[in-house]
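User: Can you walk me through this one? I'd like to start with how the chains meet.

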2 protein chains.
Amino acid sequence: MSLVLVPTAHGRAARSEGAGSVTVIGLGPAGAQWLTPEAQAELAGADVLVGYETYVDRVASRHGQQRFATDNRVEADRARHALDLAAGGSRVAVVSSGDPGIFAMASAVLEALDDADGAAGDVEVRVVPGLSAMQVAASRVGAPLGHDFAVLSLSDILKPWAIIERRLEAAAGADMALALYNPASKGRRDQLAQAIGVLRRHRAPQTPVVVARAVGSDAEAVTVTTLCGLDVDVVDMRTLLIVGSSTTRIISANGAGGRDRVYTPRSYPGS
Amino acid sequence: MSLVLVPTAHGRAARSEGAGSVTVIGLGPAGAQWLTPEAQAELAGADVLVGYETYVDRVASRHGQQRFATDNRVEADRARHALDLAAGGSRVAVVSSGDPGIFAMASAVLEALDDADGAAGDVEVRVVPGLSAMQVAASRVGAPLGHDFAVLSLSDILKPWAIIERRLEAAAGADMALALYNPASKGRRDQLAQAIGVLRRHRAPQTPVVVARAVGSDAEAVTVTTLCGLDVDVVDMRTLLIVGSSTTRIISANGAGGRDRVYTPRSYPGS
C-alpha cells in the first residue's frame with residue numbers, strides 16, 4: 001500500500017511509513033459535493049476509519065481498510081480508540097460530519113491526546129477542515145452571516161445553561177448575527193424557547209430567522225421566517241438556526257420559483 | 001456548450017438553458033486541495049468569470065469562457081457588473097476566496113440585487129460555500145474554535161469603531177473564543193492594539209492566540225502565542241487571529257517535529 005502524501009505549505013514533516021497518526025477529517029454536511037480533494041486523499045490513505053456509523057457509511061469502502069463504526073454518544077471512547085490504534089502504527093482517519101473543528105470530533109481527539117500517557121500521548125494528530133452546516137445553511141438563502149456573528153451551541157449537556165444564556169445575551173446585545181447549533185433534541189425542548197426569549201429582548205420581532213434542517217440530505221428543508229414567527233416545535237436535533245442582526249435584510253422572492261433571500265450587509269449605520 | 005446541472009436536494013428548479021444567473025463561488029483559502037466538487041462543477045459550467053484578479057487567476061481557463069478580473073476595491077461595481085451580464089443571459093460565476101458568505105462577495109452581490117431595478121433585479125443569485133480562512137487556520141493548530149466563538153472583522157472602513165469595540169467587549173465578556181478577520185492593514189495600525197486592550201481586560205495574559213498568515217499559500221506561517229506575547233507589529237492584512245476563551249488549552253509540542261496544539265474543550269466548568 002502506497003503512502004498518500006498531501007502537500008503541506010507550512011513545514012510539517014511528511015509522515016514516514018510505519019509511524020501511526022490520527023487525522024480528524026471533515027466530510028462536510030451530507031452530500032459528496034462538499035468533500036474536499038484534501039479530505040478525499042486523506043480518506044484514501046488511511047489504514048483505519050473510525051467514527052459514528054452514519055458518517056463512516058458515507059465513505060466508500062476500500063479493500064484492506066478497516067472500519068470501526070460506533071454509536072454517536074461515545075466521542076471520548078472513540079477518540080481514545082483512535083489514539084491507541086495510531087500508537088500501534090496505524091494511519092487512522094477519524095471521520096466527522098461538517099467541520100471537525102466546529103462542535104465536532106477534533107476537540108474530542110485533542111482532549112484525549114492531552115489526557116493520554118505513553119505512546120498514545122505522542123501520536124501525531126492532524127485536522128482536515130470541512131464545510132460546517134452553518135455555511136451550507138447560509139448559502140441556501142444568501143449571506144445571513146455576511147458580517148460579524150457568533151456561533152453558539154444551545155446544548156447544556158456539557159456546559160451550564162447560565163453560560164449559554166450569558167453568551168446569547170452578549171451576542172444579541174452587541175447586535176451580532178447568530179448561528180445556533182444543537183437548538184433542541186427530543187429530550188431538550190425548553191432551551192430554545194428560553195433562548196428566543198433572550199433574543200427577543202434585544203431584536204425586533206421581524207428579525208430574519210433561517211430554519212435549516214438536514215442540509216445536504218434528501219430531507220433538507222430550509223425556510224425563512226422571523227423571530228416572532230418562529231415555531232419552536234418544528235426545531236429538532238437536525239436543525240440549525242441562523243438569527244439575523246438588526247441590519248439583516250430579506251429580499252422577497254420574485255416570480256421565478258425563487259425563495260426569500262437573506263443577507264447581512266457589509267456596512268453598518270453610522271460608518 | 002452543455003449546461004452543468006449540480007443536483008440540489010432542496011427543491012430549487014434546475015436552471016433552464018438561456019436564463020442568466022449569478023453564482024457566487026467560494027474557492028476556499030489559497031490551495032486547490034480545498035476546492036469542493038460543487039465549486040469545480042459550477043466554475044466549469046459558467047460562461048463568464050468575474051472577480052478580483054488574484055482569485056480569477058486561481059481558476060484554470062477554459063476555451064469560450066470569458067474572464068473579467070478587476071481590482072479588489074470595487075466590490076459593489078463588480079457585483080453590479082455580474083448582475084448585468086446575467087440579465088443579458090450569461091451564466092456568471094463570481095469567484096471569491098474563502099467562503100463567499102463570510103466577509104466576502106456574497107453580501108456584496110445580494111446588496112446589488114436588492115438595489116437593482118428591472119432585469120438585473122430579477123436575476124437568480126446562488127451561493128456556493130467554501131472553507132473560510134478561520135477553518136484552515138484552526139485546523140493547523142488543532143481545534144481552538146471547538147466550542148462557542150465569535151467571528152468579527154476589525155476593519156472600520158464600513159462600520160464605526162464603536163460597534164467593533166462593543167462586539168469585542170461582548171464576546172470577551174461572555175468568554176467566547178474569537179476569530180478576528182482583517183485585524184490590520186498598512187493604513188490601519190491602531191485598531192488591533194485597541195482590540196487587544198479590550199480582550200486583556202477580560203482574559204488572562206496566557207490566553208492562547210493563533211497568528212495565521214496567508215494560510216494555504218507558499219507564504220503560510222501559523223504560530224501559537226499568548227495574549228501578552230502577541231506582537232501586533234507582525235500582523236498584516238493577510239493575517240487572521242484566533243483568540244482562545246478561558247478554557248482554551250495549549251498542548252506543548254512533543255519531540256516529533258511537532259508544533260504546539262491548541263484546542264477548546266467541549267465541556268465548560270460547572271456543567
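Analyst: Contact here means heavy atoms within 4.5 Å. On that basis, 80 residues of chain B are in contact with 81 residues of chain A. Keep in mind that this is a predicted model.

User: How much area do chain B and chain A bury between them?

Analyst: About 6900 Å², with 54% of it on carbon and sulfur atoms.

User: And how many salt bridges between chain B and chain A?

Analyst: The count is 10. There are also 41 residue pairs in polar contact between chain B and chain A, both residues at pLDDT 80 or more.

User: Which element of chain B gives the most to the side that touches chain A?

Analyst: Helix 4 of chain B, with seven residues. The residues on that side of chain B divide into 37 nonpolar, 23 polar and 20 charged.

User: Back to salt bridges. What does Arg249(B) meet?

Analyst: Its partner is Asp114(A), at 2.8 Å from N to O. The pair crosses between chains, with Asp114(A) in helix 4 of chain A and Arg249(B) in strand 12 of chain B. Asp114(A) is partly exposed at 22% relative accessible area, and Arg249(B) is partly exposed at 43%.

User: What about Arg266(A), which residue does it bridge to?

Analyst: Glu75(B), with the closest N and O atoms 2.7 Å apart. This pair also crosses between chains, from the segment after strand 13 of chain A to helix 3 of chain B. Arg266(A) counts as buried at 17% relative accessibility, whereas Glu75(B) is partly exposed at 24%.

User: And Arg266(B), what network is that in?

Analyst: Arg266(B) is linked with Glu75(A) and Glu111(A) in a network of salt bridges. The bridge from Arg266(B) to Glu111(A) is 3.1 Å, N to O.

User: Now inside chain A. Are Arg140(A) and Glu220(A) buried or exposed?

Analyst: Arg140(A) counts as buried at 5% relative accessibility, and Glu220(A) counts as buried at 9%. The two form a salt bridge, with the closest N and O atoms 2.8 Å apart. Arg140(A) lies in helix 6 of chain A and Glu220(A) in the loop between strand 9 and strand 10, so the pair ties together parts that are 80 residues apart in sequence.

User: Where do Phe103(B) and Tyr181(B) lie?

Analyst: Phe103(B) is in the loop between strand 4 and helix 4 of chain B, and Tyr181(B) is in strand 8, so the pair ties together parts that are 78 residues apart in sequence. Phe103(B) is partly exposed at 21% relative accessible area, while Tyr181(B) counts as buried at 9%.

How values were computed
Residues numbered from 1 in each chain as written. Chains lettered and ligands numbered in written order. Predicted model: local features only at pLDDT ≥ 70, side-chain atom pairs only at ≥ 80, totals over all residues. Heavy atoms only, no water. Helix = DSSP H or I, 4+ residues; strand = E, 2+ residues; numbered from the N terminus. Buried < 20%, exposed > 50% of the residue type's maximum accessible area, 1.4 Å probe, protein only. Buried area = accessible area lost by both parts, 1.4 Å probe. Salt bridge = Lys/Arg side-chain N within 4 Å of Asp/Glu carboxyl O. Polar contact = N/O pair within 3.5 Å; in protein donor to acceptor, adjacent residues only side chain to side chain. Nonpolar A, V, L, I, M, F, W, Y, C, P; charged D, E, K, R; others polar.
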